[in-house]
Amino acid sequence: MQIGPRCVVQFHYTLTDDAGTVIDSSRGAEPLTYLHGGGNIVPGLEKAMAGKVKGDAFKVDVTPEEGYGPRIEALLQTAPRSMFPDDMTPEVGMQFQAESNMGPVLVTVMAVEGDTVTLDGNHALAGQTLHFDVEVTSVRDATIEEMQHGHAHGPGGHHH
Ligand code: ZN
């Protein structure tokens with residue numbers, strides 16, 4: 001069957017950046033499982049998946065607009081160290097959830113200088129073109145329950 005709405009798809013992928021450096025890969029581990037049409041993977045990759053069948057292997061370049069979005073400089077901000085709770089020492093690379101007017105965002109500590117902490121609310125891959133090397137390993141119909149939940153169940157999917 002071809003990948004389309006109401007399909008649960010498993011695939012292996014290797015994600016590289018413009019320099020060819022591997023950012024992430026499922027190879028050597030379990031394939032990724034997702035519900036097609038559920039917005040569970042980046043839009044550019046979901047679009048490229050449509051119409052493919054089990055066994056198909058392909059490469060696709062995904063622009064930031066169809067990936068993790070452009071980098072937004074306004075999401076790079078400084079905050080006083082006193083903003084952090086007493087039991088939390090901000091360190092470079094530390095990540096935490098913060099509330100924003102766009103909903104919860106994952107924030108990364110970029111620098112700590114004296115009493116000033118620089119925070120970046122951009123996704124680590126924002127502004128980057130994503131190069132995916134994909135192999136479709138299985139395609140099946142989604143169950144009614146999966147459609148209701150908006151995600152895949154079973155191996156590689158949600159367990160609850
Ligand atoms: Zn569920």
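Strands here are DSSP runs of E of at least two residues, numbered from the N terminus. By that count, R6 sits in the segment before β1 (7–16). The model is a predicted one.

**Overall layout**

The protein chain has two helices and nine strands. Along the sequence they run in the pattern β-β-β-α-β-β-β-β-β-β-α. The C-alpha atoms fill a box of roughly 60 × 40 × 30 Å along the principal axes. The chain has 160 residues, and 38% of them count as buried.

Two domains divide the chain. Domain 1 covers 7–68 + 126–149, and domain 2 covers 73–120. Taken over C-alpha atoms, the centres of domain 1 and domain 2 are 31 Å apart.

Most residues other than glycine have a negative phi. R6 is not a glycine, yet its phi is positive, about 70°. R6 counts as exposed because its relative accessibility is 54%, and the cut-off for exposed is over 50%.

**The zinc site**

Which residues hold the zinc ion? The protein donors are H149, H151, H153 and H160. H149 donates through ND1, while H151, H153 and H160 each use NE2. These donors lie 1.9 to 2.2 Å from the zinc ion. Along the chain they follow the spacing H-x1-H-x1-H-x6-H. The angles among the four donor atoms are 102 to 124°, and the site is tetrahedral. For that label, all angles must lie between 85 and 135 degrees.

Are H153 and H160 buried or exposed? H153 counts as buried because its relative accessibility is 14%, under the 20% limit. H160 counts as exposed, with 69% relative accessibility.

H158 is partly exposed because its relative accessible area is 43%, which lies between the 20% and 50% cut-offs. The C-alpha atoms of H158 and G20 are 31 Å apart, and these two residues are separated by 138 residues along the chain.

**The largest pocket**

The largest pocket holds about 260 Å³ of space. Its lining is made by 16 residues. V105, L106, G121, N122 and H123 lie nearest the pocket centre. Two elements give two or more residues to this lining: β6 (95–100) and β7 (103–113). The largest share, four residues, comes from β7. What classes make up the lining? It has 10 nonpolar residues, six polar residues and no charged ones.

H123 belongs to the group nearest the pocket centre. This histidine is found in the loop between β8 (116–120) and β9 (130–141). H123 is partly exposed because its relative accessible area is 37%. The C-alpha atoms of H123 and E99 are separated by 15 Å, with the two residues 24 apart along the chain.

**Accessibility at a glance**

The residues discussed above compare as follows.

| Residue | Relative accessibility | Class |
|---|---|---|
| R6 | 54% | exposed |
| H123 | 37% | partly exposed |
| H153 | 14% | buried |
| H158 | 43% | partly exposed |
| H160 | 69% | exposed |

Definitions and conventions. Residues are numbered from 1 along each chain as its sequence is written. This is a predicted model: local features need pLDDT of at least 70, side-chain atom pairs count only at pLDDT 80 or more; totals for chains, interfaces and linings use all residues. Side-chain values use heavy atoms; hydrogens and water are left out. On a 1 Å grid over the protein atoms alone, a cavity is a set of points where a 1.4 Å probe fits but cannot get out, and a pocket is an open set with protein on both sides within 12 Å along at least five of seven lines; lining residues have an atom within 4 Å of a point. Grid points are joined across faces, edges and corners, and a volume is the space filled by probe spheres set on the points. Ala, Val, Leu, Ile, Met, Phe, Trp, Tyr, Cys and Pro count as nonpolar, Asp, Glu, Lys and Arg as charged, and the others, Gly among them, as polar. Donors are N, O and S atoms within 2.8 Å of the metal (3.2 Å for Na, K and Ca); water is not among the atoms, so sites may look incomplete. Four donors count as tetrahedral if all angles lie between 85 and 135 degrees; four count as square planar and six as octahedral if opposite donors are over 155 degrees apart and all others between 65 and 115; anything else is irregular. Buried means under 20% relative accessible area, exposed over 50%, partly exposed in between (1.4 Å probe, protein chains only). Domain bounds come from an automatic or database domain assignment.
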